[in-house]
There are 2 protein chains.
Amino acid sequence: MATISKSEQAYRLMRDRIESGRYVPGYRLVLAPIAAELEMSVVPVREAIRRLEAEGLVTFETNVGAQVALIKETEYQHTMQTLALVEGSATALASPTITADQVERARAINELMRESLSHFDPQRFTELNLEFHSVLFETCPNPHILDLVHRGWNRMKVLRNSSFSFVPGRAQESVDEHDRILQLIVDHAPTIEIEIAARNHRLGTLDAVLAQSASRQGEARAQAPAA
Amino acid sequence: MATISKSEQAYRLMRDRIESGRYVPGYRLVLAPIAAELEMSVVPVREAIRRLEAEGLVTFETNVGAQVALIKETEYQHTMQTLALVEGSATALASPTITADQVERARAINELMRESLSHFDPQRFTELNLEFHSVLFETCPNPHILDLVHRGWNRMKVLRNSSFSFVPGRAQESVDEHDRILQLIVDHAPTIEIEIAARNHRLGTLDAVLAQSASRQGEARAQAPAA
DNA sequence: CCTTCACAAATCGTATATCATTTGAAATAC
DNA sequence: GTATTTCAAATGATATACGATTTGTGAAGG
């Protein structure tokens, strides 16, 4: 009887709301109302908040409380940079284990992405993008690095809601780069080459976003780089 | 009046004991006795345990409890690999900001390490090693990556107690490699070169430990790679 | 009008108490 | 003798209660 503990329920609820943007950065997580809404005492809620804190989704101050982590202008950049690092490594470490089957799946996903370029849906494109890369990094034999990749992607979910604006021109490039990365894997290129290609792929997206953000400078100066 | 919360006290106590090896891997962290020892209720202890869980120091099972995380044979390898990745990147990202002063400090520390090679004290050598690298990566402008480096070093503290055996021959090499990394920084070499040098430096230590471990195979087969 | 102090409301921090679950051991059946 | 069931002890999970800290507000003083 796989009962979900209350602390777990509270954790999921708050995490979902943060990731969906319903709890915006700066929103104060007050124990009592949340506990009341979930019909539980404050104790499990408190525990859940500490978990969110450990993951960096919320900040916490003794005797004051928790709030959804604020996003500094540089947050998007740092997160993407970190994701580029760990995802590049994960992709490279996984590459020797990638089977023809997996390559085929990745190709299929990338074709869907290519097709979707005409009737463009950023949301859907991003989903497929994660799927594509997941095929390439999920078999990474180092669980620590793999975990860091997952955390990075989760953090991106939050940032996208508050700061990420899609750069249309980048999508086409992105799909093409996917093909190149796949080719390197098929060719059993040196792992360092695969790592750098996967890394630069993501850094390329970062650069595109930063460039777009720079060109928009002055217009509605929000706290996020590409608001 | 900077009061330390009880939850924080409990956290520090348990973390210190895990890192010092007093709580060995597999040790069960039972709430009541720990709370009694610290003269507090179980609530703060519980919270502290969840923090340790989030950091990977303890594992947790609902309705069963927590125990100090078990160390699989591959744990040392994966942790070092991850540390090589993030420390290499942090060192490279920090390198443009390194001043002549910092280079001088690093050189001084490395000289102490070189001197200590004669009357060899592994404990002291490891401390100096952290100091040396800290000078090189602490100014990394990406706080996420820097945080990962700190976590990696902390994790190493635990692993060293249970699994790390010093490889004497490696120390000399290590000190020499430090000089080479410093030279690359002084020369303003391409950051990718610095990154790879710093990464390979750590991977070199990993290889040395694994090699020693392999040569000892069969002798007291412990759960750790270099027990 | 500004500053400072005192007080009250909001909220967090922790203790105590109770309920729920797991686990192992004893008893029973086969 | 082994397998199954039952039950009790250990322990975790959560609720409730209360004390502690912070923070805002308004009054008093300058």
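Guide: What follows describes that surface and then the parts of the protein beside it.

This is a predicted model, in which local features need pLDDT of at least 70, side-chain atom pairs count only at pLDDT 80 or more, and totals for chains, interfaces and linings use all residues. Residues are numbered from 1 along each chain as its sequence is written, while chains are lettered from A and ligands numbered from 1 in the order in which they are written.

DNA strand C is surrounded by 18 residues, the closest being A:L31, A:G65, B:K6, B:M40 and B:S41; a residue is near if its C-beta atom, placed from the backbone, lies within 6 Å of the strand. By class, this surface has 9 nonpolar, 8 polar and 1 charged residues. Here Ala, Val, Leu, Ile, Met, Phe, Trp, Tyr, Cys and Pro count as nonpolar, Asp, Glu, Lys and Arg as charged, and the others, Gly among them, as polar.

At least two residues each come from helix 2 (31–38) of chain A and from helix 1 (6–20) and helix 3 of chain B. Helix 3 of chain B gives the most, with 3 residues. Helices (H or I, at least four residues) and strands (E, at least two) are DSSP runs, numbered from the N terminus.

In chain A, 3 strands form an open antiparallel sheet in the order 1-3-2; strands pair if DSSP finds at least two bridges between them. Strand 1 (28–29) and strand 2 (58–61) of chain A are the edge strands. Strand 1 of chain A is joined to strand 3 (residues 65–68) of chain A by 2 bridges, and A:L29 has A:A66 as its bridge partner.
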